[in-house]
Amino acid sequence: NFRGTRVRISVIIPTKNRREDLLVTLRSIIQQSRPPEEIVIIDQSQEPHKEEVLGLFKTAGDKSELIYLWDKSISGLTEARAKGFKESRGEVVFFIDDDITLEKDCIKNLIQTYQASPQLGGIGGVDTSWEDKSLLWSLVGSLFSCGPFALRKGGWFFTGWIPHYFHNRLTAPYPSRWLLGGLMSFRRQVVEDIGFDEQLAGHGFADSKDLTFRVSEKYCLVLDPKVKGYHRGGSHLYNLRQDHEKRVSGEWYFFRKNIDNTPLNILFFIWRMF
């Protein structure tokens, strides 16, 4: 229970070959109204960016403790996030991508929600860039995420886009079993309990899907419309074909591992891939 106490929060950022994106993201963290106690950067780039990062923090006079780990042998998001978690010490761990711009009160609002709701195991942020997408696009996408891929267990359709698209109209956290990998947080003991799937190397797009699904089977998760970040869509590491191949392989891995392979669920999976 975090009520009445100062909560130590660790922001964990995996990054790879996106120096400019990383610096923009770090500036948004430095400018937080309530800065984190700790920032952990897991850099998988071909060349280290430590000097630029240290220069940015020195210029800003930031008081957060900085942990910078450069290891280009790390393979993918899962390993990077697991490594960052082991390096961190926060009671709350906040995983963000290197192409996310946090709104000024993002971390303050995140901590307030944890303090107000001790039953929560994890809180996801909303991606305000969804406002740039059409409502029709979101509605159509929902039709392809049915049954076991719905927002809530036992539900029929995915409505997780609602808190992102309508974040300015919602006033309360939105129950969900899926959190965006680029804006997801957990109480430390939750990650220690559930753990990362070390077999996910090569299926990076399934990383957050797998983790938040397994967490949601045991703990309460929500999307908080007050915890806001803008996904800038940084420089791409893969071409379009490779992107789709990784997404499909990740979805297949997730399905075989976590979902009962009943005939109906297989149909839901085929429909989703279509």
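This is a predicted model: local features need pLDDT of at least 70, side-chain atom pairs count only at pLDDT 80 or more; totals for chains, interfaces and linings use all residues.
Visitor: Let's start with helices. How do α9 and α10 pack, and at what angle?
Guide: Their angle is about 165°. The axes of α9 and α10 are 11 Å apart. Helix α9 covers residues 240–258.

Visitor: And what does that make α9 relative to α10, roughly parallel or antiparallel?
Guide: Roughly antiparallel. Angles over 145 degrees count that way, so the pair α9 and α10 falls in that class.

Visitor: Which residues make the contact?
Guide: From α9, they are Val248, Glu251, Trp252 and Phe255. From α10, they are Asn265, Ile266, Phe269, Arg272 and Met273.

Visitor: How do those divide into nonpolar, polar and charged?
Guide: The contact of α9 with α10 has 6 nonpolar, 1 polar and 2 charged residues.

Visitor: Is the crossing of α9 and α10 left-handed or right-handed?
Guide: Right-handed.

Visitor: OK, over to α8. At what angle do α8 and α9 cross?
Guide: Roughly 25°. Their axes come within 10 Å. Helix α8 spans residues 207–216. That angle makes α8 roughly parallel to α9.

Visitor: What's the handedness where α8 passes α9?
Guide: That crossing is right-handed.

Visitor: Which residues touch there?
Guide: Lys209, Asp210, Phe213 and Arg214 belong to α8. Glu251, Phe254, Lys257 and Asn258 belong to α9. This contact divides into 2 nonpolar, 1 polar and 5 charged residues.

Visitor: Let's zoom in on asparagine 258. Which helix does it lie in?
Guide: Asparagine 258 lies in α9.

Visitor: Leaving aside its neighbours within four places in sequence, what is asparagine 258 in contact with?
Guide: With Asp210, Phe213 and Arg214.

Visitor: And where is threonine 212 compared with asparagine 258?
Guide: The two are 46 residues apart along the chain. Their C-alpha atoms are separated by 12 Å.

Visitor: Which helix gives the largest share of the pocket lining?
Guide: Helix α10, residues 263–273. It supplies 3 residues to the lining of the second largest pocket.

Visitor: How many of the lining residues are charged?
Guide: The lining of the second largest pocket has 4 charged residues. Alongside them are 6 nonpolar and 5 polar ones.

Notes
Residues are numbered from 1 along each chain as its sequence is written. Side-chain values use heavy atoms; hydrogens and water are left out. Helices (H or I, at least four residues) and strands (E, at least two) are DSSP runs, numbered from the N terminus. Ala, Val, Leu, Ile, Met, Phe, Trp, Tyr, Cys and Pro count as nonpolar, Asp, Glu, Lys and Arg as charged, and the others, Gly among them, as polar. Axes are lines fitted to C-alpha atoms, for helices over the stretch in contact, and angles run from 0 to 180 degrees between N-to-C directions. Angles under 35 degrees count as roughly parallel, over 145 as roughly antiparallel, 65 to 115 as roughly perpendicular and the rest as oblique. A crossing is left-handed if the near helix is turned anticlockwise from the far one by less than a right angle, and right-handed if clockwise. Contact means heavy atoms within 4.5 Å.
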